[in-house]
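Here are my notes on this one, as numbered points. Have the viewer open while you read.

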Amino acid sequence: MTTDLLLRERKSLIQERLRTEGRVLAVDLARELGVSEDTIRRDLREMAAAGLCERVYGGALPIPPDAGLLTVRVSRAPERKAALARVAVGFLRPRMTVFLDAGSANLAIAQAIGPQLSATVITNTPLIAAALMEKPGIDVILIGGPLNRAVGAAVSARAQRDAELLRPDLAILGTCGADAEAGLTAFHVEDAEFKRLIASRSRSLLAAVTTEKLATAAPHTTVPIDGSFTLVLEADAPDSEVAALRARGANVVLAKEIAG
């Protein structure tokens with residue numbers, strides 16, 4: 001009984017630290033609680049299996065919020081996503097070939113493209129393709145195949161075969177979580193596989209990330225964060241996270257730096 005109580009207390013403390021501090025390290029918890037690192041690692045494995053956190057090297061991260069279907073996510077925080085989009089479209093250049101991945105922030109980017117831009121935009125997301133059809137200078141290519149309702153896009157084997165033929169100048173990736181150590185992550189395995197493939201085919205990468213997704217990790221890794229990345233973050237992004245991402249070589253741009 002005492003052992004069960006201590007285990008519950010440890011896990012409760014770990015959850016509270018994840019909520020308040022954004023990450024935990026096994027070595028620090030072991031020292032604080034007077035138990036072995038192996039004990040803490042076992043606790044973290046059990047919590048990860050229960051969907052309470054995501055394991056990373058040396059510790060754990062909180063799991064990002066899952067807002068559900070794309071058709072639902074597009075109605076969440078539209079002003080914040082529009083602010084990110086206004087910055088992100090500044091990285092699109094005339095005659096570029098751009099892949100625009102699934103995501104509500106990426107839909108905002110499609111909507112923010114001005115009528116003067118002439119480019120080719122490829123997407124696997126019907127909502128994004130529909131928004132791009134209103135842009136007179138944009139040639140739209142829609143990758144097909146069965147749609148994953150949760151992702152709101154085609155990410156199946158057929159979509160992956162189509163993606164293997166692409167060589168975009170820039171891929172704007174959607175993400176469920178973003179962390180300097182864990183990289184970009186996704187909730188759905190097929191979505192993660194598709195993102196990895198399109199990233200490997202692209203010359204450069206960009207992601208627009210809302211603050212609540214920073215220092216979190218979904219269950220499936222997509223791509224690491226490195227010097228090939230531009231990350232567009234909100235003005236309130238924590239300084240510690242910005243510094244950690246820049247230490248990985250990423251070009252981190254805060255919305256306030258451009259949007260004012």
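Predicted model: local features only at pLDDT ≥ 70, side-chain atom pairs only at ≥ 80, totals over all residues.

1. Start with L233, which sits in strand β14. Its relative accessibility comes out at 0%, so L233 counts as buried. Setting aside neighbours within four places in sequence, L233 is in contact with L84, V209, L214, V242, L245, V252, V253, L254 and A255.

2. Which residues have the most contacts inside the largest nonpolar core? L233 is one of them, along with L173, F229 and L231, in a core of 35 residues. The elements giving two or more residues to this core are the helices α8 (157-163), α9 (189-200) and α10 (239-247), plus the strands β8 (153-154), β12 (205-209), β14 (229-233) and β15 (251-254). Helix α9 gives the most, with four residues.

3. L173 deserves a click of its own. Not counting residues up to four places away in sequence, L173 touches D101, N106, L184, K195, I198, A199, L205, L206, A207, V223 and F229. There is also a second, separate core, this one of 28 residues, and it includes A88, L92, V121 and L132.

4. Next, a helix pair. The axes of α5 (residues 78-88) and α6 (residues 104-112) come within 8 Å and cross at roughly 55°. That angle makes α5 oblique to α6. The crossing is right-handed. On the α5 side the contact is made by K81, A82, A85 and A88, and on the α6 side by S104, A105, A108, I109 and A112. By type, the residues of this contact split into seven nonpolar, one polar and one charged. As a reminder, an α-helix has 3.6 residues a turn, so residues three or four places apart point the same way.

5. Is α6 mostly covered or mostly open? Mostly covered: seven of its nine residues are buried. The buried ones are S104, A105, N106, L107, A108, I109 and A110. N106 ties this back to point 4, being among the residues that L173 touches.

Terms used: Residues numbered from 1 in each chain as written. Heavy atoms only, no water. Core = buried A, V, L, I, M, F, W, Y, C linked by side-chain atoms within 4.5 Å. Buried < 20%, exposed > 50% of the residue type's maximum accessible area, 1.4 Å probe, protein only. Contact = heavy atoms within 4.5 Å. Axes fitted to C-alpha atoms, helices over the stretch in contact; angles between N-to-C directions. Parallel < 35°, antiparallel > 145°, perpendicular 65-115°, else oblique. Left-handed = near helix turned anticlockwise from the far one by under 90°. Nonpolar A, V, L, I, M, F, W, Y, C, P; charged D, E, K, R; others polar.
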